[in-house]
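Trainee: Could we go through this structure together? I'm new to it.

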Amino acid sequence: MRIGIPGQAVAPAPPGVGWRAVIDPGHAVLGLLLLAILAVFVVWPIAAVLGAALVEPDGGVTLAHLARFFENPLYIESLANSLRAGAWVVAIGTVLALPLAFLVARYDFRGRTLVTTLSTLPLVLPPFVGAIALTQVFGRAGTLTLLVQDLFGIHVNLMDGLRGVIVAQALHFFPFIFLTVAAALMNVDRSLEEMGQTMGAHGWRLLRRVIFPLVLPAYAAGALLTFVKAVDDIGTPFILNVKNMLGPQAYLRITTVGRDDVDGYVICVVMVAISIACVGASNWIVARREYATLQTGARASGLPTRLVGWGAIGALSLCVLVLGASLLPHLAVIVMSFSRVWSLTYLPSAYTLGHYAEIFLRAPRFIVNTLTYSIAAALLGVVIAAATAYLLQRGRVPGKAVLDAVAMMPIALPGVVIGVGFLRVFYPMTLPGTETSLASTGAIFVLAYMVRRLPYALRASHAALHQVHGTLEDAAAVAGAPRTRAFRRVVLPLILGGVTAGGVLIFITSAVEFSTTITLVSRIEQSPLSYAIYIYSQSPLGRGAAAALGVVAIVIVAVGTYLANRLSGRSRMAFTL
Amino acid sequence: MIADTVRSLARLLLPGLLLIAVTVAPSPTFAQTQQVVVLTSFPKELFDAYKAGFERAHAGWRMEVVPKPTSAAITHVRERAARPDVDVFWASAVDAFIFLKSNNMLERYTLPADLRRGIPDQVAGFPVNDADGFFHGFAVSGYGIMWNRTYLTRYRLPAPKEWEDLIRPEYLGHLVISAPSRSGTTHLTVETILQGYGWQRGWELLLRMGGSMGAITERSFGVPEAVIAGQYGIGIVIDFFGLSAIASGQPVDFVYPSVTSIVPANVAIIRNAPNPEGARRFINYLLSDDGQRLLFRPEIARLPVRTALYREAPRGMPNPFTMKAGVQFNADLSASRYQVTNRMFDQIITFRHAELRRAWEAIYRAERAVEAARAAGRDMTETERMLTQARASASYVHVSERMAAEVSGVMERDAAYRSAKEREWGEVARASYVRAAQLAAAAEEAARRR
């Protein structure tokens, strides 16, 4: 879960070789090139957003606009709603995830593997697709709402306003908490617990004094990540028509008031501040965790306790309950994609294949656009990530910390902020020789997606490269291979799996990206799938086609996740990133 | 060594750059001559049909669509007025076109004579085209009531026919409308009711309907969506929402009340459009027989302006040019108090919905209690009087028609005045509704007392 690349000790330069041993010119060129790319596509857009919000026309820095934010009741309400929703998502996510994590980590029972696999499934369903589906389950005329009304005579609409956003996001994001906590619990050294027991701690006291402190850092990191992602997600509020939250307000200011509206940028700055605070806190907590694992070298010993009989039944029913709730959106979106008439009945009363005909035959461009943008972003991202990781680990150049920080920066940047920054920088530029703005070409999506997901790929490349010992390159060099050939023939084949896994991660996360997309998109012809889902959902009879595109999104993400896991050779890697 | 690095880097980067090039190249940006870019607030069903139709009718031409809600679309045009990147503005709300026209953002266009023939000047008293030729009506719409049959059966409710039917007590919580300040079509519906029933009675009617609203949606399509899904039973909508839902087999019905008005949806060319030839071709196609026929498609279900086509109209499709609209819609009157109507609706209904609903809920409960007491032979004259006061208080119209006309102009110019007025209206409304609820509660208690 650690965010950022741990520093790599630089090999001491052999004495008497001079500056060439400390600074490698090839590496320096590569480093400058990478820095230049990142400066244009990461630093500049963000600087533009900050500048618009914090700099006066005469060049002086001002906090006046920011102060105005805190005087506007609508913005205060939006801030409060965003924070409240994030907190509730974490709270509900915790309630769903912790018992599940504890069961899976500590006990063995029939169906345990299935539970672990199923619990990652919510992540393959983009939350805004989940929101469409959940309306049909928990909404005013949803299946379960009707069922409860018919059985007990009470009518509860779970999907109303902010509550709906919280429900949809909690069901989507709780696996982040589950996976981090389950992994941490499995790593807790049993001998520590035994020591605790020997010293007389049992039951609640053992849990409180020994296990909690060991698992808490992982939980906090998972919870903070969930919080950041929940605040970042503007697709769910949009689908549920909740506008008084930070992300939607930033978007609405920029699109309906105009690109020169200061308030839009100020909201972006507030979002970045929240995000940076959470990521910073998470890094700090994880860094402090080291003490726990230093105690012993060996990993957790002992097999999980086997549950049989009533214990197993109880464990399994808890799992079924939690996972059942979190898999409802998947079922609903599949049913919706085939439904023609679904009005106040438990299940549709008429079915059709027409929605699939619409998205594959009549309007296939959304899927084609998504594949084009995401594959291009993945290719570009992989090259930049691999080169950056190589420099960070093996490079003999100064300033690696800067490169690392800049490349990892997007992880703390909300999608809508990246979109707004790109608009501000690239909209006024035109393609050479034409009147067309740079921001209205398809390439803008490729670049934005690449920037947004670069940290994922960087981490994957870094992990892969970490496993290749530097002496292999030295051996190749001794055998007479120039360094580039050594890289190509020795290092590259060894890291290819991990690096490709990083590319697949860029691909799947870009394929369902919404926040940046809706900010950048203009012509429907260039729209990728995620924005098309939104457009379809904006007409009274379009939800079926939106659901069908949602099913396509699920398939893309599921296949991509499987591939990423296979390629990286580590289970669950795609999710724990 | 540097050259070596650069070479291997180039080899690595090349595939990515190539792919980007592939991504950019087929996008229309390099083929600017043979295209038209249409900015529209219409749903996908509509613009997709016209994109396909236009590209079929004009080989070698491309139609690009920029979909935006009307308010965002106006911002789009305004921000790029110096260097427009769209050619055609295509939307419902007449006021959006009037705004663009008065800000010099539209280009005058005279239809070819053969197209102009066959399009009447007026529909039910409303001009089809802008008198100065800046925008042109391409379809007309009326307003009405749409309901979900399954829903009405489930809750044992009768189907409505007229606006007055919507104030029946049993509809409490089952109605849905969108806010007129967010939806141009709802604004016209509200104005129709105000013109059809008169200012005072119209607002009283709206306030009683407001008390029965289960929800007031932000977006106009949210109303048909809620009715189709069965979230609410009865919605106030523009006709094509109802007609297209019926055509696609949803369990819904639609009716035009006798007090309705009929207005056109429009199209215009943007001033300094990059592709004026494409813009003209698009408008000509839209108004041609072939283009107009697309409106009859079940998923679109709008009413063409070429009257001759009604001979081929699908069953159930009304002909607005022979319909007698109950209201001769006065567009000038509507425009002159546009701000007041929308702001008033927001202040006294949308933002005070909770209090208004609570008041009417209490009144209907008290009415039932009084009814029961009277059936038991008790004298309810005094209690009746309290109830009458409660009803008056829950449908109190603070702003007279004359006052509305007076403040309208100032409100548009002076933001401080506007917010002061808005606060005043909101406060008066809240106080009236709270009083109404108290009176009704007292009446109910009196009726239940032995």
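Predicted model: local features only at pLDDT ≥ 70, side-chain atom pairs only at ≥ 80, totals over all residues.

Mentor: Residues are numbered from 1 along each chain as its sequence is written, while chains are lettered from A and ligands numbered from 1 in the order in which they are written.

Trainee: How are H21(A) and H24(A) oriented to each other?

Mentor: Helices here are DSSP runs (H or I, at least four residues), numbered from the N terminus. The axes of H21 (residues 483-511) and H24 (residues 543-568) of chain A come within 8 Å and cross at roughly 165°. Angles over 145 degrees count as roughly antiparallel, so that pair is roughly antiparallel.

Trainee: Which part of chain B gives the largest share of the side that touches chain A?

Mentor: Contact means C-beta atoms, placed from the backbone, within 7 Å, and it takes 55 residues from chain B and 50 residues from chain A. Several elements of chain B each supply at least two residues, including H2 (44-57), H3 (70-79) and H1 (2-24). The largest share, 14 residues, comes from H1(B).

Trainee: How far apart are the C-alpha centres of domain 1 and domain 2 of chain B?

Mentor: Domain bounds come from an automatic or database domain assignment. Domain 1 covers 28-139 + 263-312, and domain 2 covers 337-450. Their C-alpha centres lie apart by 43 Å.

Note on methods:
Axes fitted to C-alpha atoms, helices over the stretch in contact; angles between N-to-C directions. Parallel < 35°, antiparallel > 145°, perpendicular 65-115°, else oblique. Contact = placed C-beta atoms within 7 Å.
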